[in-house]
Amino acid sequence: MAYRLKFSARALRETGEAQEWYESQSSGLGDEFIAALELQLKRLEQAPLLYAEVIPSVRRALLPRFPFGVFYVVHGDLVHVLAVVHDARNPNRWPKNR
């Protein structure tokens with residue numbers, strides 16, 4: 001069963017900010033970040049329940065190579081991506097509203 005992905009405005013904003021930051025560090029690195037994210041999203045479309053719940057009903061999938069986690073919830077055949085958060089952020093500050 002393939003799942004559908006839906007992104008919150010926050011997740012889209014954080015993805016764009018991370019891509020811009022990595023690109024400012026080294027040309028092409030922003031594209032590599034997006035490629036790593038897309039790879040993880042394809043995995044989520046196929047088997048989102050493989051990843052552990054870190055908060056009740058909220059799961060986290062870590063990106064390969066980059067220190068980011070994709071936080072999401074699964075409702076039926078929908079994977080709702082809530083946030084794309086750097087691992088160094090304080091987990092007690094997120095998520096305030098889901």
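Q: Is Phe-33 buried or exposed?
A: Phe-33 is buried, because its relative accessible area is 0%, where buried means under 20% relative accessible area, exposed over 50% and partly exposed in between, with a 1.4 Å probe and protein chains only. Keep in mind that this is a predicted model, in which local features need pLDDT of at least 70 and side-chain atom pairs count only at pLDDT 80 or more, while totals for chains, interfaces and linings use all residues. Residues are numbered from 1 along each chain as its sequence is written, and side-chain values use heavy atoms, with hydrogens and water left out.

Q: And what about Tyr-22, buried or exposed?
A: Tyr-22 is buried too, with a relative accessible area of 9%, and Tyr-22 forms a stacked aromatic pair with Phe-33, at 5.5 Å centre to centre and 25° between the planes. Rings of Phe, Tyr and Trp (its six-membered ring) pair if their centres lie within 6.5 Å, and planes under 30 degrees apart count as stacked, over 60 as edge-to-face and the rest as tilted.

Q: Which helices hold those two?
A: Tyr-22 lies in helix H1 (residues 9–25) and Phe-33 in helix H2 (residues 29–46), eleven residues apart; helices (H or I, at least four residues) and strands (E, at least two) are DSSP runs, numbered from the N terminus.

Q: Switching topic, how many aromatic pairs are there?
A: The structure holds six. One of them is edge-to-face, because the rings of Trp-21 and Tyr-22 have their centres 5.1 Å apart and their planes at 80°.

Q: Which residues do ring pairs link into a cluster?
A: The cluster links Trp-21, Tyr-22, Phe-33, Phe-66 and Phe-68.
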